[in-house]
Amino acid sequence: MTFFKSISLAFTCILLSLANGGISQSGLAAKKYLNLPLGAIKPSGWLHDQVCYDLMVQTNGLWGHEHDFYDYVAQTDWLGGDSFYSDLEEAGSYWFNAMVPNAVLVDSAELQSQTHYFLDFVLENQDESGWLGPEVFDASKPRYLWARYPYLFGAIQMMEYNATLVDSVVPKLYKFVTLANTMLKNGEGLEEWTQTRWEDFVISLQWLYDFHPNGNEDLLIETMKLLKYTGDPWEDKRRQYFPTSPVENLQNPFNLPLTWHGVNMAEGLKALPSTYRFTHNQVSEGWDLLFQYHGRPSGIYAADEYLAGLGAVRGGSYLYQVSGESKYADRVERITYNALPATLTGNMWSRQYLQEQNQIAAQNMTPDPFPLDGPYSNVFGLEPNYPCCTVNHGQGFPKFITNSFVKTADNASIVQVYLGPLTVRTVLAGRNAVSASVDTLYPFSDTLTTRVSADHPFTYYVRIPRWVSGATVALNGGKAEGVQASESGLHAIELPAGNSTFTLNLPLEITIESRPNNSVAVHRGPLNYAFDIPRTQTILTQAAAEPRAVDLQFEASAAWQYAIDPSTLEFHETPPASGTLPSPVFDTGLPPFSMSVTACPIAWPEAGDIFASSPPENVICTGGKTQITLWPLGATKLRISEFPVFDSTKNGISRDH
Ligand SMILES: *[C@@H]1O[C@H](CO)[C@@H](O)[C@H](O)[C@H]1NC(C)=O
Ligand SMILES: *[C@@H]1O[C@H](CO)[C@@H](O)[C@H](O)[C@H]1NC(C)=O
Ligand SMILES: *[C@@H]1O[C@H](CO)[C@@H](O)[C@H](O)[C@H]1NC(C)=O
Ligand SMILES: *[C@@H]1O[C@H](CO)[C@@H](O)[C@H](O)[C@H]1NC(C)=O
């Protein structure tokens, strides 16, 4: 393994980390909401199936098998050779951070023993100075701090799940913090990646501060400040500096190109909330600017580094917990239910590096349309373009689940942040043991039925997404009443002691989003809809050690050049007869939701050989009207989701909207 290879890993997809944090104590301001420890929240229904062990798409796919064969994280490799380098310098830390919650959510003893082994192995190899894990194989390479940060997130989650680990792990983390503090004072441990990702370390230090300060408050706060002042100045990214067009044509005012790197931008989104707790500076407008100028209908923002979008998932949960603003939660839900499954094959054995909103092929691109990434970036495979997402993509669904419920800062209520089939169990203030179980096919259903059991009366809060209007709730079989969401998007339900059941009905309408070049995107609630281009599949390569790990080329096998008349959109629901969704659900023809729309064929040229040019404006139909079907974007692997429009009553004159 060469130094170069590790650097190229670094250039890619760090997914942002979970939110950890806690109660206010002197010195550090409180977060608005408290996260629940790993293990308190579990997926159920189709979401369990998406991640979990029996039918488990993710765990039965590439993600759950990497440890068996993939050289960056395979245990056989830890015991010899030079791959310690990749294991703890990036790949192993990523994998560990993501696999810890996955292993707990699926109740897998085998996966938990893998993460336990990794936790112990690194701690056992801590050296006298406090440096974590085996020393890098090449002693001439300086020590850089950032690749240890995802390891810290993994260790924190393991301690939340298994409190007996605290006594042995926390003192070792303090040894590392003490070393890092000295290194930062000496200007060591820093390079440009550490400088963009400092906020992840701040979040881990806050967890120590909140739960195990052990008299180290000054050390912790000083280290947080050192990180902020040696890191990139995210707070200076005010409006006048914000890039409002593709950055390859612009000069970065800070002379810090990485601050415009897609993934690192997602890291930057966490900077203000993570420092708010010691600087008291308010969360910035950066989030709004980012989505205003770079947003996409699938929920992500555009970057040459696709998984930056997933980055926003993780950063989004932390932003929500610090600020309580519902826009973050709405965005996270859209990304999880659209962009994340869209970039993976249905069985989750292959993933992309870059995804396109209009994607007419997934193959080696000629010429390369991506200014900063390779032509192979949108192939579905084991490690297209970079291996980093291979060892990191497993984070998406587990972190969404473990952040789907939080507690209010007074420890008296639970808040359901994300909607989906989930269960939660916790003890609130006054020894109020509560559990809740949400039964739903959401986002493939508009109804959620929640059973709650509590020792004492309490208030249950549920987020009502901004795309819903006219939501109702019926408690214990009573009359459906309109919900009254607060300004922060939460509806409060007063529940008695004992068992209660309430049914939330979330009526959704089709909405049309204006996109560039007079095109439109189609949504209904959290789901973005796309034309699923029929495809043929070619296996490009197969991993020698694991034949299911394939690189797949997809080519269109039918026309995709259509304009649609949005006024003719109709929504169709075919609830599954069995009451459960097929497994997997995110693939062609499988979701129970679809839409029909009147369309007509048009001339729509390709740019290069195999990618669609911008949607044409002022289209003329080249053939008769027809009906096409749109499907949830996550189920489409080739797609059109930004459509030219026409007026079907005027036969082919383009329509204003
Ligand atoms: C918790 O950690 C201890 C110490 O390593 C271990 O013996 C025990 O099996 C763990 N429990 C669970 C539930 O993982
Ligand atoms: C919340 O209250 C429970 C029960 O009284 C208690 O065990 C727990 O430590 C409290 N948690 C926090 C974060 O205050
Ligand atoms: C309340 O709900 C719990 C869990 O769902 C169940 O085990 C228990 O039997 C219920 N109690 C009553 C009185 O219905
Ligand atoms: C609109 O289309 C033109 C060419 O058809 C293209 O150059 C331009 O970049 C497009 N605008 C956007 C915002 O995509």
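Predicted model: local features only at pLDDT ≥ 70, side-chain atom pairs only at ≥ 80, totals over all residues.
Local features are given only at pLDDT of at least 70 and side-chain atom pairs only at pLDDT 80 or more, whereas totals for chains, interfaces and linings use all residues. Residues are numbered from 1 along each chain as its sequence is written, chains are lettered from A and ligands numbered from 1 in the order in which they are written, and side-chain values use heavy atoms, without hydrogens and water.

The protein holds 19 helices and 25 strands. These are DSSP runs numbered from the N terminus: helices are H or I with at least four residues, and strands are E with at least two. Of the 657 residues, 63% are buried. Buried means under 20% relative accessible area, with a 1.4 Å probe and protein chains only. Residues 24 or more positions apart account for 72% of them. The protein exposes about 23,100 Å², and carbon and sulfur atoms supply 50% of this area. Accessible areas come from the Shrake-Rupley method with a 1.4 Å probe; for residues, only the protein chains shown count as cover.

Helix α10 spans residues 166–185 and has 20 residues. From first C-alpha to last, α10 reaches 28 Å, close to the 28 Å expected at 1.5 Å a residue. The expected span is 1.5 Å times one less than the number of residues. Buried residues of α10 include Val166, Leu173, Tyr174, Phe176, Asn181 and Met183. Among the elements covering the buried residues are α8 (109–124), α9 (149–161), α12 (198–211) and α13 (217–230). Gly187 follows α10 and has a positive phi, near 70 degrees.

Ligand 2 is surrounded by eight residues, each with a heavy atom within 4 Å of the molecule. The closest are Asn411, Leu428, Ala429, Gly430 and Arg431. By type, the shell around ligand 2 divides into four nonpolar, two polar and two charged residues. Here Ala, Val, Leu, Ile, Met, Phe, Trp, Tyr, Cys and Pro count as nonpolar, Asp, Glu, Lys and Arg as charged, and the others, Gly among them, as polar. An N or O atom in the side chain of Asn411 lies 2.5 Å from an oxygen atom of ligand 2. For Leu428, a backbone N or O atom is 3.5 Å from an oxygen atom of ligand 2. Taken alone, ligand 2 exposes 360 Å², of which the protein buries 54%.

Ligand 4 is surrounded by Pro516, Asn517 and Ser614. Taken alone, ligand 4 exposes 360 Å², and the protein buries 30% of that.

Conventions: Polar contact = N/O pair within 3.5 Å; in protein donor to acceptor, adjacent residues only side chain to side chain. Buried < 20%, exposed > 50% of the residue type's maximum accessible area, 1.4 Å probe, protein only. Contact = heavy atoms within 4.5 Å.
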